[in-house]
Amino acid sequence: MNVYLAILLLFVLATVQSTILPRLTVWGVHPELMLMAVISWSILSGAEEGMLWALIGGILLDLFSASHFGLHTIALLVVAFPSGLGQRTLFRSDLLMPLLIIPLATLGYELVLLAGLYLTGWTASLSAYFGQVVMPSVGANTLLILPIYLLLRAVHRRLHRQEITL
């Protein structure tokens, strides 16, 4: 995918996640649009492009975030790589893949964020964090992954078709 187009799309996603989604909640949390986009693109295009999306998207989220710079980037990079490993298989177009991967990716993402916050002196009840943030995030992201995945799959197919015809 053209890197400039990816940057533009990721900028829009980071802006929406940082400005609009905090006002919309599912089970008390706001959906993690960037995480769902990175995981979807990793499934569709592989670990290499997924890592690029995670790097760019993470930096953009870090720029918009009040948390420690680099935290979102590291968390997205950690989950993007394993999510893209199965890209070369026949299961890439299967709608079951994002539904299976996003709960694990969300859990990994949240655990990396939590570890980063703990390392910087933030304290919280683990049971409260899991009950009020992690599990609702897993549910919300799992519920919303298919529309994001289907949209990005259409973009991926269109771009791939153009690459073949050139």
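Okay, let's start with Gly116: this glycine counts as buried because its relative accessibility is 14%, where buried means under 20% relative accessible area, exposed over 50%, and partly exposed in between, with a 1.4 Å probe and protein chains only. Before I go on, this is a predicted model, so to speak of local features we need pLDDT of at least 70, side-chain atom pairs count only at pLDDT 80 or more, and totals for chains, interfaces and linings use all residues. Residues are numbered from 1 along each chain as its sequence is written, and side-chain values use heavy atoms, with hydrogens and water left out.

Back to Gly116, then. Gly116 sits in helix 5, and by helices I mean DSSP runs of H or I with at least four residues, numbered from the N terminus. Pair Gly116 with Gly70 and you get 46 residues of sequence separation but 9.4 Å in space, C-alpha to C-alpha.

Now the pockets. On method: we use a 1 Å grid over the protein atoms alone, and a pocket is an open set of points where a 1.4 Å probe fits, with protein on both sides within 12 Å along at least five of seven lines; lining residues have an atom within 4 Å of a point. Grid points are joined across faces, edges and corners, and the volume is the space filled by probe spheres set on the points. The general idea is that rolling a probe the size of a water molecule over the atoms shows where empty space is left.

How big is the largest pocket by volume? About 490 Å³. Its lining has 20 residues, and those nearest the centre are His30, Glu32, Ser65, His72 and Leu113. Helix 1, helix 3, helix 4 (71-83), helix 5 (96-119) and helix 6 (126-165) each give two or more residues to that lining. Helix 5 gives the most, with 4 residues. By class, we have 11 nonpolar, 7 polar and 2 charged residues; here Ala, Val, Leu, Ile, Met, Phe, Trp, Tyr, Cys and Pro are nonpolar, Asp, Glu, Lys and Arg are charged, and the others, Gly among them, are polar.

His72 belongs to helix 4, and at a relative accessible area of 14% His72 is buried. Between His72 and Thr120 there are 48 residues in sequence and 14 Å in space, C-alpha to C-alpha.

The second largest pocket holds about 160 Å³ of space. Of its 10 lining residues, Leu9, Leu13, Leu151, Leu152 and Val155 are closest to the centre. Helix 1, helix 2 (33-45) and helix 6 each supply two or more, with helix 6 giving the most, 4 residues.

Leu33 is in helix 2 and is buried, with a relative accessible area of 11%. Leu33 and Leu143 are 110 residues apart along the chain, with 12 Å between their C-alpha atoms. Ser42 is also found in helix 2, and at 0% relative accessibility Ser42 counts as buried. For Ser42 and Thr123, 81 residues apart along the chain, the C-alpha separation is 32 Å.

Last stop, the surface. Val3, Tyr4, Ile7, Leu52, Leu55, Ile59, Leu63 and Phe69 make a nonpolar patch of about 760 Å². Helix 1 (3-19) and helix 3 (47-64) are the elements giving two or more residues to the patch, and the largest share, 4 residues, comes from helix 3. For the cut-offs, patch residues have over 30% relative accessible area and no salt bridge, like charges are joined within 9 Å, and nonpolar side chains (Val, Leu, Ile, Met, Phe, Trp, Tyr) within 5 Å. A salt bridge is a side-chain nitrogen of Lys or Arg within 4 Å of a carboxyl oxygen of Asp or Glu. Areas come from Shrake-Rupley with a 1.4 Å probe, and for residues only the protein chains shown count as cover. Ile59, in helix 3, counts as partly exposed because its relative accessibility is 34%.
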